[in-house]
Amino acid sequence: MSSYSDTSFDDFAAAAIPRLRRVAYAWCHDWHHSDDIVQDTLERVYAAWARVRRNGEEYAYARTTLVRRLISENRRAWRRHETTMTADAFAEAADAHHAISDGTGQVDTRLDTTDLLARLPLRQRAVAVLRFVEELPVAEVAELLGCSEGTVKSQAHHARMALRAGAQASSHDGLPGQSASTSRRTERS
């Protein structure tokens with residue numbers, strides 16, 4: 001590639017990395033894996049840069065590549081394992097990636113949201129990330145995932161209900177002054 005093409009790709013990559021990272025993290029709930037997937041995505045975009053730039057849809061191409069890589073990876077058996085993290089390691093990871101904090105103390109809420117997203121089934125997670133994180137219209141999500149608009153709406157609805165139920169459950173789990181034994185007693189009464 002020419003130095004002009006390299007410069008334009010560098011500019012594009014610098015602008016696109018934060019958004020791509022956010023989408024990848026919302027999907028896989030792991031900063032290191034998110035960085036790896038974004039790097040792989042940018043390698044593929046760079047390989048097709050002349051064609052991508054000619055069409056003028058650089059970010060859309062990169063986002064599509066990223067989502068397809070994430071879907072493909074989730075199909076692999078080796079990615080289907082549970083990871084556990086101690087509270088200290090979780091706090092350390094949150095501190096290390098302070099870019100998600102906006103200075104108002106909403107880091108914990110965002111981390112809980114990504115945890116809830118990680119619990120969704122694959123298709124619901126894909127729709128939720130694209131609709132609610134990337135704020136794409138239904139038609140574009142349907143095209144990107146290769147399904148009908150009705151499927152996107154249905155999956156978005158089910159994802160929203162699961163996220164709402166998970167958020168309500170986690171907010172009830174952390175009520176101050178109420179232990180697990182007292183909450184069980186009040187349920188029996």
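A crossing of two helices is called right-handed if the near helix is turned clockwise from the far one by less than a right angle, and left-handed if anticlockwise. In this predicted model, the crossing of helices α4 and α8 is right-handed. Two packed helices are described by the angle between their axes and the distance between the axes. Here, the axes of α4 (residues 58-75) and α8 (residues 138-145) come within 10 Å, with a crossing angle of roughly 55°. Because angles of 65 to 115 degrees count as roughly perpendicular and those under 35 degrees as roughly parallel, the two helices are oblique to each other.

From α4, the residues in contact are Arg63, Thr64, Val67, Arg68 and Ile71, and their partners in α8 are Glu140, Leu144 and Leu145. By residue class, this contact holds four nonpolar, one polar and three charged residues.

Arg63 belongs to helix α4 and is buried, because its relative accessibility is 5% and the cut-off for buried is under 20%. Leaving aside residues up to four places away in sequence, Arg63 touches Arg19, Leu20, Leu130, Glu134, Leu136, Glu140 and Leu144.

Two loop residues also deserve a glance. Most residues other than glycine have a negative phi. His29, however, has a positive phi of about 60° and sits in the loop between α1 (3-28) and α2 (31-47). Glu135 likewise has a positive phi, of about 55°, and lies in the loop between α7 (122-133) and α8. His29 is partly exposed, at 22% relative accessible area, whereas Glu135 is exposed, at 64%.

Methods: Residues are numbered from 1 along each chain as its sequence is written. This is a predicted model: local features need pLDDT of at least 70, side-chain atom pairs count only at pLDDT 80 or more; totals for chains, interfaces and linings use all residues. Side-chain values use heavy atoms; hydrogens and water are left out. Axes are lines fitted to C-alpha atoms, for helices over the stretch in contact, and angles run from 0 to 180 degrees between N-to-C directions. Helices (H or I, at least four residues) and strands (E, at least two) are DSSP runs, numbered from the N terminus. Angles under 35 degrees count as roughly parallel, over 145 as roughly antiparallel, 65 to 115 as roughly perpendicular and the rest as oblique. Contact means heavy atoms within 4.5 Å. Ala, Val, Leu, Ile, Met, Phe, Trp, Tyr, Cys and Pro count as nonpolar, Asp, Glu, Lys and Arg as charged, and the others, Gly among them, as polar. Buried means under 20% relative accessible area, exposed over 50%, partly exposed in between (1.4 Å probe, protein chains only).
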